[in-house]
Amino acid sequence: MSYHFGRGKSKWIPYLMLLPGLLFYFLIALGPSMATAVYSFTDATGIKGAPIRWIGLDNYREFLFMGRASVDNLAALQRTLIFCAAVTLIQFTMGLIVALLVNQKLRGTNIFRTLYFMPVILGVVIQGLMWSLFLYPLGGPAAKLLSLLGMRSEFLGGQPAEAFAWVIFIQIWANMGTTMMIFIAGLQTIPSEMYEAARIDGANSWQVFRNVTWPLLTPSVNTNLLLNIIGSLQAWQLFLVLVGYRNGTQVLGYLIYATGFGQTSGSVSSSFRQGYAAAASIILFLLVLVIGMSVQYILQRREARILG
Amino acid sequence: MSKKMFSFLSLLVAFAILLAACSSPAATGSQTEPAAAAGGDKVTLRVLVHQNPPMVAFMETFNQKFQEKHPNITVDMSVVNANDLSTVSQTRLSANDIDVLDIFGFANGAQPYMKMVDSPNWQQLIEAGLLMDLTGQDFLKNYDENAIKDAGSYNGKVYSINLGRVIYSGIYYNKQLFEENKIAVPTTWPELAAACETFKANNIPCMTAGGKDGWPIFVGAYGLIGAMYPDQAALVEGLWNGTIKWNDAKSLEMWTKMQVYARDMMEEGASGIAGDAAPGRFASGAVAMFPGGSWYAPAIEAAQPAFDWGYIPFPGSDTAADNQYWFGKYDQGWAIASNTPNKDASVLYLKEFSDPANYQAFVDAVGFIPTQPTAKLNTKIGADIAPFLGNFRVGYEQYWIAPKGAGQFANPWASYFKPFGTDDDPKVLADKVQADLQAGLDAVK
């Protein structure tokens, strides 16, 4: 391939053109991330003008080892992993099934694609409001359905395990459309000749899926898995909108928010602890990094093995 | 295009993007207004209040009158949920995006017996220099000296004027339902329990609360804690120094009663009712009682003006004499951002609000117990509060700061019990709560 920008000084032009993007990345993404790492070693409150003291590893020690609070933090960490596993597994599987269904050449598939994708374009607050109304325990639609069976529930305000399960369900409902769209895009890149050849060879539907669709969907599978894993590890907004700060329901992302902005004690005078929240953020970042990198490594090897 | 021209254009684009990225939004927005604050120049006064429907309604009327009187000032009032007030205050103060802000009465100050505790957020804001020193302002004279000292001062300087005390240890009751079911107004715990049993037997839910917001469930039971431990400051000190434990015999009695409150007294589905909607549900006549703060009274009146209700201290003790206290806190106050470009307009706003006539209209609308000595307790709830007002005590949660390392159950919250939480054994829960607290006390030794 020839080099379009010539020689001498002009060869720097591509790098110069990259510069704004790089600077923007440093300012918007990398800068704040680095600042968070530094903050995690301080007692910063996040209040402009407040003194900031260097306290070394104290925030990490407190988060991981101090009293019962550290046990609660580790429980939140465990809950985050459960949330991630449940959301990824179900959202990925359902997204794939729905994509296969709406990728058929049948009348009305566009309507179903729109319907399945619609929750994605709603904001978290709207999603939360809709489900709060649906799950209203005093005569809401879900309560009425349950009453027909002679049962009742407090739904989001009741047992923490039930509230947690509802957040998993709503997270999947809210984001499955994205997973579906990525799979649809992947399905549409598979040449129809491949399917025709498989059918001529006598493959049944399952064999076509296993030996043609699934291997050729590898790039979409990888993208979806990574997006689902990282997205669910970092989730917190739905917890805020649907459940609030309740024992037995917090995931790490929400714990960070609640700690950083003084919403953990039930008192309106709670202190702001952004240094401590920054340490929790770094722990979450390391978790995402380790899981994300490991999954990416496995997926890349798989992709190389299948697609060469 | 020549290579030189291409290089030049690339550089230009790079610098333009760099400059756009580096420019501060604050430099282009409200920062242009400082010079316009005084005199007859146009001023937009940014005011922040927390969601409390009668207060918001009053403020809208007050703002309108204020603007008519001062046509050069436009009041831009934002309303946020009470849970979010501290977060929004902090971010908007840091961004120089607020002039006058609603701030709760100063509470949760660190006491000498507390170790390794963080300062409460109001103290953090003052220490960061974000709240204006109001010491010496004329309008302070309109307020009770003790209220200014207890709820708005720090290190000898005044940073907030507190607008009223509220009670959160009372129960609203539906007079008509009590009469129809021939139930006397309860003055002891056994009477309260018996009343609930009768109502439930007649298919009337006994109590409701705005459980969706979380805190109304446990705040409703703060009266129960108060009946057991009338000296709430001593309770907090006792918990810190170990002379009182959440699993001792007295506390166990409290937990046992809390379980009855959460499981048997509260109506099914209360966890889904929003805090703002609970007064309306009570006013609809569907439930017999509503444990809640005095600030709900105007909302109940607004929902059903003809509805006949009363307000009694939570009868948490078996002895009537122990159930004659009110527990509460200093509620809303006003503070001014120290960096406000609209200082004159902000001070003027507080001055006019503090005018005795305006203040009387405020307490009449909101139902606060006044902090201006000349103001009268004219409201309907005022008549019910007055007999026990001499027994007003600042409540537990205004003193309590949990030690670092304490677990998430280290609080006396009724919402731990089923159906709102997972616990159904008072003894097991009491041990768990004390263990969570003790872990924190041990960690900061």
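The model is predicted, so local features are reported only at pLDDT of at least 70 and side-chain atom pairs only at pLDDT 80 or more, while totals for chains, interfaces and linings use all residues. Residues are numbered from 1 along each chain as its sequence is written, chains are lettered from A and ligands numbered from 1 in the order in which they are written, and side-chain values use heavy atoms, with hydrogens and water left out.

Chain B comes first. Its secondary structure comes to 17 helices and 13 strands, where helices (H or I, at least four residues) and strands (E, at least two) are DSSP runs numbered from the N terminus. Along the principal axes, the C-alpha atoms of chain B fill a box of roughly 90 × 50 × 50 Å. Of the 445 residues in chain B, 56% are buried; buried here means under 20% relative accessible area, exposed means over 50%, and partly exposed is in between (1.4 Å probe, protein chains only). Contact means heavy atoms within 4.5 Å. Among the contacts in chain B with a separation of 6 or more, 76% are between residues 24 or more positions apart.

Next, the place where the two chains meet. The contact takes 59 residues from chain B and 50 residues from chain A. Together the chains bury about 4,400 Å², with 57% of it on carbon and sulfur atoms; buried area is the accessible area (1.4 Å probe) that two parts lose on being put together, summed over both. B:Gln90, B:Gln124 and B:Gln408 supply 13% of the area that chain B buries against chain A, more than any other three residues.

On the polar side, 14 residue pairs are in polar contact across the interface of chain B and chain A (both at pLDDT 80 or more). A polar contact is a pair of N or O atoms within 3.5 Å; within protein, one must be able to donate a hydrogen and the other to accept it, and residues adjacent in sequence count only if both atoms are side-chain atoms. On the side of chain B that touches chain A, α1 (3–22), α3 (85–94), α4 (121–127) and α17 (426–443) of chain B each supply at least two residues. The largest share of that side, 10 residues, comes from α1(B). By type, the residues on that side divide into 27 nonpolar, 21 polar and 11 charged, with Ala, Val, Leu, Ile, Met, Phe, Trp, Tyr, Cys and Pro counted as nonpolar, Asp, Glu, Lys and Arg as charged, and the others, Gly among them, as polar.

A salt bridge is a side-chain nitrogen of Lys or Arg within 4 Å of a carboxyl oxygen of Asp or Glu. The structure holds 24 of these salt bridges over all chains, and 3 salt bridges are counted between chain B and chain A. In one salt bridge, A:Arg273 pairs with B:Asp118, with the closest N and O atoms 3.1 Å apart. A:Arg273 and B:Asp118 also belong to a network of salt bridges with A:Glu62 and B:Lys404.

Other salt bridges stay within a chain. A:Asp58 pairs with A:Arg61, the closest N and O atoms being 2.6 Å apart. Both lie in helix α2 (residues 58–65) of chain A, 3 residues apart, about one turn of the helix. An α-helix has 3.6 residues a turn, so residues three or four places apart point the same way. A:Asp58 is partly exposed at 38% relative accessible area, and A:Arg61 is partly exposed at 47%. In chain B, B:Lys432 and B:Asp423 form a salt bridge with closest N and O atoms 3.1 Å apart; B:Lys432 is partly exposed at 26%, whereas B:Asp423 is buried at 7%.

Finally, one residue in a loop. B:Thr208 is found between α7 (189–201) and α8 (215–219) of chain B, and is buried, with a relative accessible area of 0%. The side chains of B:Thr208 and B:Glu267 are joined by a polar contact of 2.5 Å. Not counting residues up to four places away in sequence, B:Thr208 touches a set of residues including B:Met266, B:Ile273, B:Phe282 and B:Pro291.
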